Amino acid sequence: MDAPLLVIVDAANVIGSVPDGWWRDRRGAAERLRDRLARDGIPGRDGPVELVMVVEGAARGVEPVPGVRVEAAPGSGDDRIVELVAEEAHDRPCLVVTADRELRRRVGELGAEVTGPRTVRGGS
């Protein structure tokens, strides 16, 4: 059986893509994103996926839930995302959700596919 698609979500970038007051409660915003990912998955993607949400800063400490693994970056969230892609991309397909241009370039060089925050924000 093929390994499931690994979807890595740049939580800070996705959360920051909509000015909805997230800066007042970064951890709460990360928890809402995590819960939406657990509920909705990745729209338009058939087949099994493994969802990993990378958090940093004030969002560290957000707990995983069934269906969403949470990785707390010890430093830069972008660096942790690149590490995850480097560890996994040779074994299975990876999709990174971010609008960060430099991160998109870095993970693209490692063979990951990239999509923007709207993929998981559901138009909200």
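The structure is a prediction in which local features need pLDDT of at least 70, side-chain atom pairs count only at pLDDT 80 or more, and totals for chains, interfaces and linings use all residues. Residues are numbered from 1 along each chain as its sequence is written, and side-chain values use heavy atoms, with hydrogens and water left out. The chain has a mean pLDDT (the predictor's confidence in each residue, from 0 to 100) of 91, and 97% of its residues reach 70 or more. Helix α4 has the highest confidence, with a mean of 97, while helix α5 (residues 118-121) has the lowest, at 85. Helices (H or I, at least four residues) and strands (E, at least two) are DSSP runs, numbered from the N terminus.

Let us start with the sheet. Five strands form an open sheet in the order β3-β2-β1-β4-β5, with parallel pairing; two strands pair if DSSP finds at least two bridges between them. The edges are held by β3 (68-72) and β5 (113-115), each with a single partner strand, so one side of each has no neighbour in the sheet. On average, neighbouring strands are turned by 25 degrees against each other, direction ignored. Strands β1 (residues 5-10) and β2 (residues 49-55) run parallel and are joined by six bridges; D10 has V54 in β2 as its bridge partner. Helix α2 (residues 26-40) packs on this sheet and touches β1, β2 and β3, where contact means heavy atoms within 4.5 Å. The direction of α2 makes about 175 degrees with that of β2; axes are lines fitted to C-alpha atoms, for helices over the stretch in contact, and angles run from 0 to 180 degrees between N-to-C directions.

Next comes a pair of helices. The axes of α3 (residues 77-88) and α4 (residues 101-109) come within 9 Å and cross at roughly 15 degrees. The two helices are therefore roughly parallel to each other (angles under 35 degrees). In their contact, D78, D79, I81, V82 and V85 of α3 meet L103, R106 and V107 of α4.

Methods
Angles under 35 degrees count as roughly parallel, over 145 as roughly antiparallel, 65 to 115 as roughly perpendicular and the rest as oblique.
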